[in-house]
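Hi,

Here is the structure I promised to pass on.

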Amino acid sequence: MKNIPSRLLAFTLTAATLLPGCVPSKKYEDLKARQASTEQGKAEAERQQRKAVAELQKATDELNEMRLNNKRLTDDSTQTGNALRRTRQLYTQLTDSYDKLLKNSDRELANKSSDYNKVAQDLARREAELGELDTSLKKNRAAIDKLNADLKTREARLAELEKALAEKDKAVNDLRASVANALRGFQGTDLQVKMKDGKVYVSLSEQLLFKTGSTKVDPKGQQALKQLAAVLETQPDVNVVVEGHTDNVPFSRPTGGMQDNWDLSVLRATEIARLLTTGGIQPERVTASGRSQYVPVAANDTPTNKAMNRRTEIILTPKLNELFKILDSSSAAGPTPK
């Protein structure tokens, strides 16, 4: 029935209706039933057609949608591919950068390790030097403490020495004053009392003591020596040195006991020493010496200068036993700290 054209079927049914008398009733009914069935088939076919059309449209829409999705997917795939390629490139770049950084890091780490080793070695060396310095410092402190103790000891000795020197200077000044006072009546060009190098010098001219070429002291000179001996007798801590001096004029009357000016200077000094010991001075305190013409106080070029050189000097030196003891103790203690 589905294969019979719809127009032919409709014509057949119309003809059957128009010719009832010609067609038996049963056939009519059959035809009518067939027509109804045909209508139903038609309707069903139309419904199936509409459904098929709807499904076709839906399939078409789905196909279009799928095409659109496919296009989008294709576009997305292209973009994703591009992104993937960019990502891969970026990954490659990052990998290269990482490798470089890793190499640089290894190199830097090696450099840092080398630097660290150098610093550690330098630190160890400095710690060793610090230890040596600390040891040296301790030794130096011990040495300084010892030096401070020695310094205090030496300061005490120095104070003693300064005191002894002050006492010695005072003794020399007092001695000079006493001698000058005792010989006041003789002072002038023929007798002088002065201080030199911590000693008292009593200089007596030849005119006061001797005649030319003589070794015997004149009475006036003996008086002066007597007064000097009286002062020195009260000064037991004073040593006495008698020095005879002449000019450079050769000795004119050599004898068996006196050949030249040196003999003359010695004999005159010895004579004065005897007079001083006779006056009360202990002989062990007195020393006689002759310097002849070799220690002049003026050039031997005029009679006046020659007269100045013909002299006897009595050098008075206070005994410095206490001072020598201090100096000896200081020397025994070792060198002075610097």
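This is a predicted model: local features need pLDDT of at least 70, side-chain atom pairs count only at pLDDT 80 or more; totals for chains, interfaces and linings use all residues.

Glycine 279 is partly exposed, with a relative accessible area of 30% (partly exposed sits between buried, under 20%, and exposed, over 50%, with a 1.4 Å probe and protein chains only). This glycine lies in the loop between α5 and β4; helices (H or I, at least four residues) and strands (E, at least two) are DSSP runs, numbered from the N terminus. Leaving aside residues up to four places away in sequence, Glycine 279 touches Ala229 and Glu233, where contact means heavy atoms within 4.5 Å.

Residues are numbered from 1 along each chain as its sequence is written, and side-chain values use heavy atoms, with hydrogens and water left out.

Now the sheet. Five strands form an open sheet in the order β1-β2-β5-β3-β4, with mixed pairing (two strands pair if DSSP finds at least two bridges between them). At the edges are β1 and β4 (286-292), each pairing on one side only. The twist averages 20° from one strand to the next; axes are lines fitted to C-alpha atoms, for helices over the stretch in contact, and angles run from 0 to 180 degrees between N-to-C directions. β1 and β2 are antiparallel and share six bridges, and lysine 194 stands opposite tyrosine 201 in β2.

Two helices to look at here: α2 lies across β1, β2, β3 and β5, at about 175° to β1. α4 also packs on the sheet, touching β1, β2, β3 and β5, and its direction makes about 5° with that of β5.

What about the core? The largest nonpolar core has 33 residues, and Val179, Leu191 and Ile272 are among those with the most contacts inside it. (Such a core is a set of buried Ala, Val, Leu, Ile, Met, Phe, Trp, Tyr and Cys residues joined through side-chain atoms within 4.5 Å.) α4 gives the most to this core, with six residues. Valine 179 touches Val193, Val202, Leu228, Val231 and Leu316, again not counting residues up to four places away in sequence.

Finally, glutamate 271 is found in helix α5. Beyond four places away in sequence, glutamate 271 touches Thr215, Lys216 and Val217.

Cheers
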